[in-house]
Amino acid sequence: MVWAVSTLTLLVLAGILPDFRLQASAGDSITRTAITAALGAGAFGLLSALAWPLAVRALLLVPALVLGLLVFFLNGSLLLFALWLIPDDRGSADPETAVVVAAVMSAVASATSTALTVGDDNAYRRRLSRLAQRRRRRRGDRGLGGEAPAGTVFLQLDGVGHTVLRAAVDDGLMPTVADWLDTTHRVTPWRTDWSSQTGASQLGILHGSNHDIPGFRWYEKDTGRTMVSNRPASAAELQRRAVARTRDPGLLSVDGASRGNLFSGGADQLALVLSVAARRGRANRSRAGYFAYFSDPANAVRTAVAFVAEAVREVVQSVRSRLRGDRPRVGRGGLYPLIRAFATVVERDVVVAAVIGDMLAGRTAVYADLVAYDEVAHHSGPHSRDAAKVLSRIDRSIALIAKAAAHAPRVYRIVLLSDHGQSSGESFARAYGLTLKDLVRAGCGLPVPRRAGRTPSGAEARDAARDALRGVLLRSVEHGADVSGSPDTPGAGEQAAGGRRPGDGVSEPVVLASGNLGLISFPDVPGRLSREQIDRRHPALLRTLANHPGIGFLLVHGERAGSLVLGPGGVELPVSTLDGTGPLAAFGPGAADAIRRTDTFPHVADIMVNSSYDPVAGRVHAFEEQIGSHGGLGGEQSYPFLLSPYELSEPVVDGVELVGAEQVHLVLRRWLGEAMGGTHRAQAPLAEARETDRARAVDDGAHPTDPTDDGAHSV
C-alpha cells in the first residue's frame with residue numbers, strides 16, 4: 001500500500017513540478033509513465049531502507065542541528081540516484097526539485113504507514129512484537145521470558161513543578177497523567193536544595209551526591225576555571241567527583257540506560273548524555289543515539305519537518321506576545337527559535353524512540369530527561385499558553401511510551417519525576433535597568449555601562465561607594481595609616497576606581513548567574529573571602545547589595561561570628577542559628593537548612609546572592625534574561641514532584657517531607673531493589689563521606705551542622 005501511494009505521489013508531483021519528469025524525451029503512454037513511477041518509488045524505498053542507515057552512521061560526528069538540515073540533502077540525493085536507476089533515462093529532476101520531491105515522498109510514506117495502523121491494535125501489536133524480537137535476537141536471548149523481574153522507566157519532566165503538574169491535570173492538558181492519578185499512581189512533592197537546577201538535582205538523583213554544587217555556574221579559585229553544569233567538560237568532572245565521593249557508579253549501573261541526561265548514572269547504554277559527549281570512541285559517543293532514530297528516513301523527514309514547524313511556531317508566538325503587550329517578556333530572537341525546536345522536537349523524538357527501544361530490549365532500568373517544557377517556560381513563562389501546549393505534547397509522548405511497555409518482554413513500572421520547578425517574574429535587568437554584574441561593579445566603584453549608571457540603583461550604588469571611600473580615607477588619615485595599598489586596604493589610586501585594577505595584580509570580581517541565584521567571587525584572593533575583607537576592599541558593596549529591593553538576602557563568611565545571612569536594613573543573622581525568620585521568612589520552610597548545607601561547600605562563592613521573592617505574587621527576579629527561572633530559593637522552583645505506581649512503596653512515611661536530590665536517589669534505589677525482588681546495593685559510603693566532611697568542618701573552625709542539614713533527612 002505504501003508503495004502504491006508513493007507511486008501515485010510521484011505521478012502527481014511530476015505533473016505539478018516543471019523540473020521533474022517521469023517520461024522519455026519523446027513522451028510515453030500513461031501506462032509506461034505509471035510503470036516508471038512505480039520503479040522510481042520502489043528504488044527510492046529500497047535505497048532509503050538500505051543506504052540511509054549507512055549515511056546516518058557516517059554522519060554521527062556532525063552536530064545535531066546540522067544533521068537535521070542535511071536530512072533534506074541526503075534524501076534528495078537518494079531520489080536522484082533512484083531516478084538514475086530507471087532505464088532509458090525516463091526519470092530526471094533538478095537537484096532543488098529532488099529535495100522537495102524526496103521530502104514529500106518520505107512524509108507521505110510515513111503518513112500512509114501510520115494511517116494504516118491507526119485504530120488497528122493488532123497491526124500495532126504485531127509491529128512492536130517484531131521490533132522486540134529483532135532487538136532481542138541482536139542482543140542474544142537474555143532469558144527474560146516467563147516471570148522476569150519488573151523493569152523501571154524513570155521519565156524526568158524537566159522543570160515541571162508540582163503546582164504546574166496539578167494545574168495541567170486539572171485543566172485537562174495531560175489526560176494520560178490524569179488517568180494514572182485516578183487509578184494507578186500517587187504524586188509526592190519534594191523540596192530541592194538551594195541550587196534548584198538540573199545540574200545539582202540530576203547529579204544527586206543519578207549519582208547519589210550533589211555535594212559542592214553551589215549553583216548552575218560557579219568559579220573555582222583553586223583551579224581558576226568556571227564550572228558550567230551543561231558543558232561537557234564540567235559535566236564529566238562533576239560526575240567523576242560524585243562517583244569518587246560515593247564510591248558507587250550510579251543508579252543505572254545494573255543493565256541501565258541513560259537518555260538525554262547531563263550525567264550517565266553509570267549506565268552502559270547512552271544517548272545524548274552530556275558527561276560523555278567529549279569522549280572518543282563509538283561506544284561512548286553521545287550522538288550515537290541519533291543513529292537508531294535517524295536510520296529510518298521517515299523518522300528523519302518527519303522530525304526535520306516538525307523542527308521547521310516548531311521554529312516557525314516560536315516566531316509566531318513571539319510576535320503575538322509582543323503584539324498583546326505581554327508582561328513580563330524577554331527577547332526571543334536570534335538562534336532561540338532553533339534552540340527551542342531542537343529541545344522540543346529533535347531531542348524529544350530521539351529520547352522517546354530510545355526509551356521505547358530500551359523497553360523492547362528488556363533493559364532493567366531506564367532514566368530519560370524530556371527538556372521541552374523547561375526550555376519554553378524560561379522564555380514564555382511557566383504558566384503561559386505556550387508552555388501549556390508543550391505539556392500536552394509531553395503527555396502524548398508519555399502515552400506512547402506506556403503503549404510500547406505493553407509489548408516489552410517484561411513488565412515495566414513507569415515513574416514520572418521532575419528535577420525542579422520554575423518561578424515566574426520579570427528579570428532583574430528589566431525590572432531595575434541594570435544587571436547584577438552592573439550593580440556589583442557600581443558597589444565596588446568600578447565603571448559601569450552608561451545605561452546602568454543612569455538608573456536609580458546604579459546611581460545609589462555609586463554614591464554609596466563614594467561615601468564609603470571618603471569614610472575609609474578619613475579614618476586612615478586620622479589614624480595615620482598608610483593607604484598606599486596593603487593587601488586588604490586599597491590604595492588611594494585604586495579607591496578612586498573603587499577596586500584594584502588588573503594592572504595592580506588584582507582582577508575584577510567574577511559575577512555569575514544561576515537563575516535568581518547570583519555567585520560573586522574575587523579570584524585574586526585564594527580561599528573564601530571574609531565579610532571583613534570584602535568591607536575593607538569595597539566598603540559599600542555588601543550594603544549596596546543587601547539593601548537593593550530586588551535582592552532578598554546574602555550569604556557571606558565572617559571572621560568572628562562565622563557565616564552570616566545579610567538582609568536589608570543592616571540585618572545580620574548567624575548561619576548557625578538561622579530559624580527561617582527575618583529575611584528568610586518569605587522563602588518558606590527549609591530555607592535555613594538549605595543555606596547551612598551550601599555554606600559548607602568548598603567552592604561556595606565569596607558572596608551568595610538570592611533575589612527577592614514575593615510570596616503573594618510568586619515572583620522572583622532572575623539574574624539571567626528569563627521570565628521563568630530556577631536555581632535559587634523562592635516559590636515553585638523549589639518544589640518538583642515524584643509520581644510513582646502504587647506497586648512501589650511510598651516514597652516517605654506520612655508526615656515526613658522528602659528533601660534533597662540525594663534523598664530522591666535513595667528512594668529510587670529502593671524501588672529498583674523492590675522491582676528486582678531484593679534490595680539494591682545500599683550507599684553507605686555516602687553517609688561516611690558526609691561524616692568526614694562534617695569532621696573537617698569542625699576542625700577548620702566551622703559551625704558543626706546537624707546531620708540533617710546537608711540533605712540527609714530521614715526517609
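Colleague: What joins strand 15 (residues 564–567) to strand 16 (residues 571–574)?

Modeller: Four bridges join these antiparallel strands. Two strands pair if DSSP finds at least two bridges between them, so with four bridges strand 15 and strand 16 count as a pair. Within the pair, valine 565 stands opposite leucine 573 in strand 16. The model is predicted: local features need pLDDT of at least 70, side-chain atom pairs count only at pLDDT 80 or more, and totals for chains, interfaces and linings use all residues. Residues are numbered from 1 along each chain as its sequence is written, and side-chain values use heavy atoms, leaving out hydrogens and water.

Colleague: Which residue takes a positive phi in the hairpin of strand 15 and strand 16?

Modeller: Glycine 569, with phi near 75°; the hairpin has three residues between the strands. As for the numbering, strands (E, at least two residues) and helices (H or I, at least four) are DSSP runs, counted from the N terminus.

Colleague: What makes the phi of aspartate 212 a value to mention?

Modeller: Phi is near 65° there, which is positive in a residue other than glycine. Most residues other than glycine have a negative phi, and most peptide bonds are trans. Aspartate 212 lies in the loop between helix 8 (198–207) and strand 5 (217–220). Leucine 272 also has a positive phi, near 55°, and is found in the loop between strand 8 (269–271) and helix 10 (288–294).

Colleague: Why is aspartate 212 called buried?

Modeller: Buried means under 20% relative accessible area, exposed means over 50%, and partly exposed is in between, with a 1.4 Å probe and protein chains only. Aspartate 212 has 9%, so it is buried. Leucine 272, at 14%, is buried by that rule as well.

Colleague: Which peptide bond is cis?

Modeller: The bond from arginine 327 to proline 328 is cis, with omega near -5°. Proline 328 is in the loop between helix 11 (297–324) and helix 12 (336–360).

Colleague: Why are strand 8 and strand 22 (658–659) said to stand at the edges?

Modeller: Eight strands form an open sheet of mixed pairing, in the order 8-7-9-3-10-21-4-22. Strand 8 and strand 22 each have a single partner strand, so one side of each is left without a neighbour in the sheet. Inside that order, strand 3 (residues 151–157) and strand 10 (residues 412–417) pair in the parallel sense over six bridges. Valine 153 stands opposite isoleucine 414 in strand 10.

Colleague: How do you know that aspartate 606 and lysine 221 meet in a salt bridge?

Modeller: A salt bridge is a side-chain nitrogen of Lys or Arg within 4 Å of a carboxyl oxygen of Asp or Glu. The N to O distance here is 2.8 Å, so the pair qualifies. Aspartate 606 lies in the loop between helix 22 (591–599) and strand 17 (607–611), and lysine 221 in the loop between strand 5 and strand 6 (225–228), so the bridge ties together parts that are 385 residues apart in sequence. Aspartate 606 is buried at 1%, whereas lysine 221 is partly exposed at 21%. The structure holds 29 salt bridges.

Colleague: What makes glutamate 314 and arginine 332 a salt bridge?

Modeller: Their closest N and O atoms are 2.9 Å apart, which is within the limit of the definition. Glutamate 314 lies in helix 11 and arginine 332 in the loop between helix 11 and helix 12, so parts 18 residues apart in sequence are tied together. Glutamate 314 is buried at 0%, and arginine 332 is buried at 7%. Both belong to a network of salt bridges whose members include Arg340 and Asp386.

Colleague: How do you know that the buried residues of helix 1 line one face?

Modeller: Helix 1 has 15 residues, and Ser6, Thr7, Thr9, Leu10 and Leu13 are buried. Seen down the axis, the buried residues fall within an arc of 160°, so they line one face of the helix. The arc is that of the directions from the helix axis to the C-beta atoms. On the other side, Leu8, Gly15 and Ile16 are exposed.

Terms used:
The expected span of a helix is 1.5 Å times one less than its number of residues.
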